[in-house]
Amino acid sequence: MNNSISSQQIEPKNKPVMQDQSNIFQVEKRSTSKMFWNKRVIQLSNGMLSYFKVPKQMNDLQKMQPKISVIIENILYIGPPEKAKKQNSIEITFMAKDAIFPSKMKNRSTNMSVNSSYGRDLMAAQQPIVITKKKEIIIWEIAFSKPDILKEFTHIIDKVKHPEKYPQQDQQQQSQIQQQLPQQPSMVQSETAKQKSSIQQQQDTNEKENQQKEVQQKEAQQNQQQVDKQRSEEQQKQEELQIQQQKEKEKETHQSELRSKIEKEQQLEEENQILQKKAEEQSRQDQTVLNKEESKKTMVRNRIKTAWNYNYLQAIELANMKDPKTIEECITNSFVLHESIGRMRDHAIDVCQTIIDELCLPNQMKTIKPTDCLNEDKYIMYSHQDNTIDFGDDFYCYDGLFIKLSFCQLKSQEIHTQQGKQEIQIYEESQLKALGNEFRYLSLLAEQIELLIQEESNYPLRVPLSCIVDYKGVRAFVMAVPPIDDSTLIHGPTLDGQFITNNAIQQYMNSISIRLNLKQHKFFEDEMISNVIPMSLFQEVHKINKEYIELRWIENEQNINEFPPQNLSLYYLLKCGDLMPVILQENVQNTSRLRPEFVRSWNKPLNSDAYLKQIKLSETQADYNELKQATNFLQNQLLHDLIGKFESLEYLPLDSTQLSEQLHQSGINIKYIGKICQMCSVQHIKDLCICDMISRVCKKVLRNNAADLMKNLKYQLSQKLQSDQSNILEFSMIQELNTKEVQDSKIVLELSSKLINESCLDFLNLLLGVGKESDIFWIQIIQKQIWYDYSYNLDVTSRFSMQYKGMLLYSLQQQCDISIAISPALMNGMFKEPFPLKEKPQFNVQQKAYLLNTSKIARKSKRKNIMNQEQIFQSIKWSLELCLLRKEGDDMFANLLCEEGCENANKALCFTKPGHPSQIKPLLQIIQMNMNNLDTALQYFEQALQILDSYFGSTHPYYFMIYSIFGHYLMENGYFNDALNLYGTALQCAIRLFQTHQCIADIYADIGQLYFFRKDCSNASINYNKAVSIYEKCNQYQSIKYANILLLQGQLLQNQQEHEQAAQRVEAAIDILQQFEYSQTELLMEAIKLLIQICNSQNKQSKSNQLGLQLQLLQMRHSIMQ
């Protein structure tokens, strides 16, 4: 049912009401129960709609009052109901306030309640009263017995509500009614008239009497009204007076109450103000206390933030708080340490960049000023005599960092060449090497101390954090200032020339010296007093002073961080630059030191101070002879072993960085690359060594040039600031700057950077170009410096036929810390044009910090038996994160991405340098993934060949390697003919490089495997035999590759039913593989399975059972290891 008022709008109430005749309609009952009420009647009379309940004994509505009446005009809606409960029903909607309730008028409002009893009785149909938010509405459903009655009722209601629709019809009906009245006879009319007149007379008489009575009654009423009026007036006056008095009393009472209320409110307000002031004062006091506490905490945080060693010690404590039981815990512990190291390293890089950029500025214009009053030998081994470039600002102390700068120097030196003695100008970097050794040995000690802490949690020795920053040709050694002072020395030489030591500290130092294979020795102060030296004589040990303990206490007191309990009795190792023994050389100053990798692998401990013959040591000559023996072994046998690995392609370095890593891992110094170049027979190693020597010499020249330029610029700026002259020097570098611009450090720094980049561009064009100046530079500088540094006589004319131009350019970038835009135009113009390089190079920042390699983490995990093969593979993901944290470079990151999976090859390609051989590995992985689309695979293969051609030239082992790899991919995907062609090309490349080499045997083995897949047993056998023959010529009888080719021959002979020969080949392979049982377990199991098959074919059941038992044991052990 629609309860809204939407069907008809309410008409204006001042509209004239139609005087309609009375119409009565009987409606149906709501229920069939027999009650006193007999009928329900609706009456329409005089514009009203009334509802009656008529009893059985009454038929006259005039004697009854309706239950409810409503003016028809006020009806809001009349129409069919939405859901009729009976037939012939109509719905009437009106406002409750417009209804009239004659029987309920007393004490009732016009608004009806939903729960009122009479309200419920009024509903002819069982409908509730709908109550909206604004008005109350009565909805009334009426049912008639016939549809005609319903129609007539509706018509009459509409006629009353809208009389304007029916005026003419009513007049016509009245006239029709008058015309239709019948004409009565005249006698009836006369008689009727007489009766009317008599009745009229009687009525007149009665009316007169009634009028007289009414007059008398009116007079009596008027008199009574006057009396009543007088009484009421007097009574009203008295009441008004009483009311007036009552109002005055109430007014007085109200005013007194109001005054008291106001007084109370004022009193409360004053009290609230007092309380509010007290609360505000207390809040200010509390806030002041909080601010002081927060300020104190902030000061502590800032102090702790730059207390780099304190944070590092806390990180060590956290990292070793628990014994790691999983590889995840090992990696997590490593991350804690490297984050602490990385924060100090990153801050050191920013500080050093600022310091080195401002070297050209006078001290008063610098952001970070040098330190004047600092003991230069307080923290490191330092010598004045080697530092010929004096800026006057080599030492800095800033934000808890001690910084020492060092430069390349140019000095005269007499050398022995093939033409005899010559005095030349050489570039010397002894101070840079000394700082490099200081950092290298501190890093080495940090690594050993970490391992010792894992074994003994209270191990007390530590080293301060340090790092190396190389930028614009200047090396900065950065050390976090350790918490020591003049009173903390407990082991080492004192300032007054004495030597003090401590027995307990010696025991802890011995733990390190044993790990490093350093010999404990004695130092005699005089004939009676001797001191035990665990490592180096000049090494110092300091006890941590109260500053560290104070920081620890403040941090815990302020609850800034929560750290586990820590050993506070800690000691710092300092001045470790002489930790390793020197390399003994005749007629040469002994400055180079043995690599730690070599010393640790030597068959007996070595004395770090063995070369100090002027100092009285125990067993001086014996220690010296042992050191000389080690030096001879290094220079002869170890170099031959390394060259053998280069020639066998076991080591295949691609660039200068990989060459350095492989030399250092073998315990060989870089200074021996000249000797390697002379002794090695493979051309690609010779080319790489030559590139490395050239680029390292160029690094020295660039370093010296940049330092000289900044020193001269600083001098000219100082002169111009002290003088009013516009130009001090005729060819001044700052002649374009006025006095105001000279005082602007930003402008000066931009000029300095511009001059350094231009100087670097001129130098590289001198190196890579052609002309008389270039020839002189190569002969006088490059050739002589290479002879001095590496004892190698470089043929400077060979540069014009150089095929490895790309290798030289990338080597220059790596060694000189610069970025060059390498393009085909540059490589085509090298050694052909005077100025092949057009764009200015940019200097990069290189850093070295303490590292904990992932491989070392893996070794520690294996030692604790907590790492399996799956975890090793999974650890590569952590290695990627660690690589980013340690800033190890894009090449390392790309290599780790490739190890993680082939799907990362495209990502790895983005991190490699364009045109660098490091792109080969991801390119081969992309080729492998695209073998279903051979055209795409061939495009990537061509790209790999172009990289090899531009970087190495036309001859390099990588050529036949990638030909073989691509041939293997083709063979796996069924392209046998294409694979055979690629194997043939690979074979030609290998034979062109090597007459007899095991790599040629590898290719023959691959070709034999291809024929075996094609079931061409004859050709397979021929190539297998060739491979075996070459392996035997190369003395590879005990190699894994030789065992593998024997297995392939055995499998081929088994297929040819030659069981006896097959068994011989497989048994020989098993004998070889048993030497590599742990690393080649799977291949050994495959060999045993094949031999079991052969024995079964020969009906050798007992031997077959024995081999089966051996296989089961191998499988069990392999599963346990996994």
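A: Angles under 35 degrees count as roughly parallel, over 145 as roughly antiparallel, 65 to 115 as roughly perpendicular, and the rest as oblique. The model is predicted, with local features requiring pLDDT of at least 70 and side-chain atom pairs pLDDT 80 or more, while totals for chains, interfaces and linings use all residues. Numbering starts from 1 along each chain as its sequence is written, and side-chain values use heavy atoms, without hydrogens or water.

Q: Which residues make the contact of H14 with H18?
A: Contact means heavy atoms within 4.5 Å. Among the residues that meet are Asp-687, Arg-696 and Leu-702 in H14, and Met-807, Ser-811 and Cys-816 in H18. By class, the contact has 9 nonpolar, 3 polar and 4 charged residues.

Q: What makes H30 and H32 roughly parallel?
A: H30 (residues 1040-1055) packs on H32 (residues 1081-1097) at about 25°, with the axes 11 Å apart. The angle is under 35 degrees, so the pair counts as roughly parallel.

Q: Which residues of H30 and H32 meet, and how do they divide by class?
A: Including Ile-1040 and Leu-1047 in H30, and Leu-1083 and Ile-1094 in H32, the contact joins residues from both helices. It has 6 nonpolar, 6 polar and no charged residues.

Conventions:
Axes are lines fitted to C-alpha atoms, for helices over the stretch in contact, and angles run from 0 to 180 degrees between N-to-C directions. Helices (H or I, at least four residues) and strands (E, at least two) are DSSP runs, numbered from the N terminus. Ala, Val, Leu, Ile, Met, Phe, Trp, Tyr, Cys and Pro count as nonpolar, Asp, Glu, Lys and Arg as charged, and the others, Gly among them, as polar.
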